[in-house]
Amino acid sequence: MGTVAQEAAIDLLKSEIPVEEDETLLLSGDVNTGLVLVDIVNGFCTVGAGNLAPVAPDRQISAMVDESVKLAKVFCEKKWPIYALRDSHHPDVPEPPHPPHCIAGTDESELVPALQWLENEPNVTVRCKDCIDGFLGSIEKDGSNVFVNWVKANEIKTILVVGICTDICVLDFVCSALSARNRGFLSPLKDVIVYSPGCATFDLPVQIARNIKGALPHPQELMHHIGLYMAKGRGAKVVSHISFDTTTNEI
């Protein structure tokens, strides 16, 4: 299928399963809001950094990093809470069907250079996780959950979620957070909001996937859309713009 035909097919699918986004989310100090950064690490975002990193500059991933940096800077300026998830795996514990990636202690599992400053910010909680779902990856050996404790300690009513991959790690985390909220485990959390320009996924065209044993085709634009669609279908809100009190801080 040629590029034009592929784009037409994706446009058709988007029209059949549209994602109705709220145009602008206005954030202020009136509602305690926490920012969740999902896996914005070298192993998923930095060209050539590992088995699951982009092999060439990727516009969607670069835009996601830029938007996440903008948000993180504003949240830190306002001293609002941030929860940064870092994919970090033990070398002897595989995560099928994925090849080894983001091994603990390597550069792959580190935040991208544009976000590494967050490690020293007092309003930031960094959590290394060893599985796709950051909610499950926040569970300690004693059964406590670092993310749940973060929500409760900061009395967070809204979480704003960004990161990679829209249809995998972001979606799994969002779905688990929503389920926990619905069961009353995340009080006082009310809203889970996904910022679409602050999310991205990877691109694996069918013609390339055919030559990789066990690989599944993964068209980037379509799977990003499906990730947003599934998140909204589970109860998340999806927004395309964010502003902080005044238009001068609009993202």
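Predicted model: local features only at pLDDT ≥ 70, side-chain atom pairs only at ≥ 80, totals over all residues.
Apart from residues up to four places away in sequence, Ser88 touches Cys102, Ala104, Ser109, Cys128, Lys129 and Asp130.

Strand E3 covers residues 82-87. Of its 6 residues, 6 are buried, and the strand is therefore largely enclosed by the rest of the structure. The burial applies to both faces of E3. On one side lie Ile82, Ala84 and Arg86, and on the other lie Tyr83, Leu85 and Asp87.

Strand E3 is joined to two other strands named here, E2 and E4. Strand E2, residues 33-38, runs parallel to E3 and is joined to it by 4 bridges. Within this pairing, Val38 stands opposite Leu85 of E3. Strands E3 and E4 also run parallel, and 6 bridges join them. Here Tyr83 has Thr125, in E4, as its bridge partner.

## The loop between E4 and H4

Two residues of the loop between E4 and H4 are described here, Ser138 and Asn145. The loop lies between strand E4, residues 124-129, and helix H4, residues 146-153.

Ser138 has a relative accessibility of 0% and therefore counts as buried. A polar atom of the Ser138 side chain lies 2.7 Å from the backbone oxygen of Gly134. When neighbours within four places in sequence are set aside, Ser138 is in contact with Tyr83, Leu85, Arg127, Ser144, Asn145, Val146 and Phe147. Among these contacts, Tyr83 and Leu85 are residues of E3 that lie on one side of that strand together with Asp87.

Asn145 also counts as buried, because its relative accessibility is 8%. Its side chain reaches the backbone oxygen of Phe135 at 3.1 Å. Beyond the residues up to four places away in sequence, Asn145 touches Phe135, Ser138 and Ile139. Asn145 and Val194 are 49 residues apart along the chain, and their C-alpha atoms are separated by 22 Å.

## Strands E5 and E6

Strand E6 comprises 10 residues, of which 8 are buried; the strand is therefore largely enclosed by the rest of the structure. Strand E5, residues 158-164, pairs with E6 in the parallel sense, and the pairing extends over 6 bridges. In this pairing, Ile164 stands opposite Ala200 of E6.

## Helix H7

Helix H7 consists of 14 residues, numbered 220-233. At 1.5 Å a residue, such a helix should span 20 Å, and its end C-alpha atoms are 20 Å apart, so the model agrees with the expectation. Just after H7, Gly235 takes a positive phi of about 120°.

Which residues of H7 are buried? They are Gln220, Leu222, Met223, His224, His225, Gly227, Leu228 and Ala231. The buried residues of H7 pack against helices H1 (3-16), H3 (59-77) and H5 (169-182), and also against strands E6 (191-200) and E7 (237-239).

## Cysteines

A disulfide is a covalent bond between the sulfur atoms of two cysteines. How many disulfides does the structure hold? The number is 0.

Cys169 is in no disulfide, and the nearest cysteine sulfur, that of Cys165, is 6.1 Å away. The cut-off for a disulfide is a sulfur pair within 2.5 Å. Cys169 has a relative accessible area of 7% and is therefore buried. Cys175 is likewise in no disulfide; its nearest cysteine sulfur belongs to Cys169 and is 12 Å away. Cys175 counts as buried because its relative accessibility is 12%.

## Annotated domain

The UniProt record, an unreviewed entry, places the feature "domain: Isochorismatase-like" at residues 34-203. In the model, the end C-alpha atoms of residues 34-203 lie 29 Å apart. This span is 26% helix and 20% strand.

Definitions and conventions:
Residues numbered from 1 in each chain as written. Heavy atoms only, no water. Buried < 20%, exposed > 50% of the residue type's maximum accessible area, 1.4 Å probe, protein only. Polar contact = N/O pair within 3.5 Å; in protein donor to acceptor, adjacent residues only side chain to side chain. Contact = heavy atoms within 4.5 Å. Pairing = 2+ DSSP bridges. Expected span 1.5 Å × (residues − 1). UniProt positions renumbered as here; feature names shortened; annotations may be inferred.
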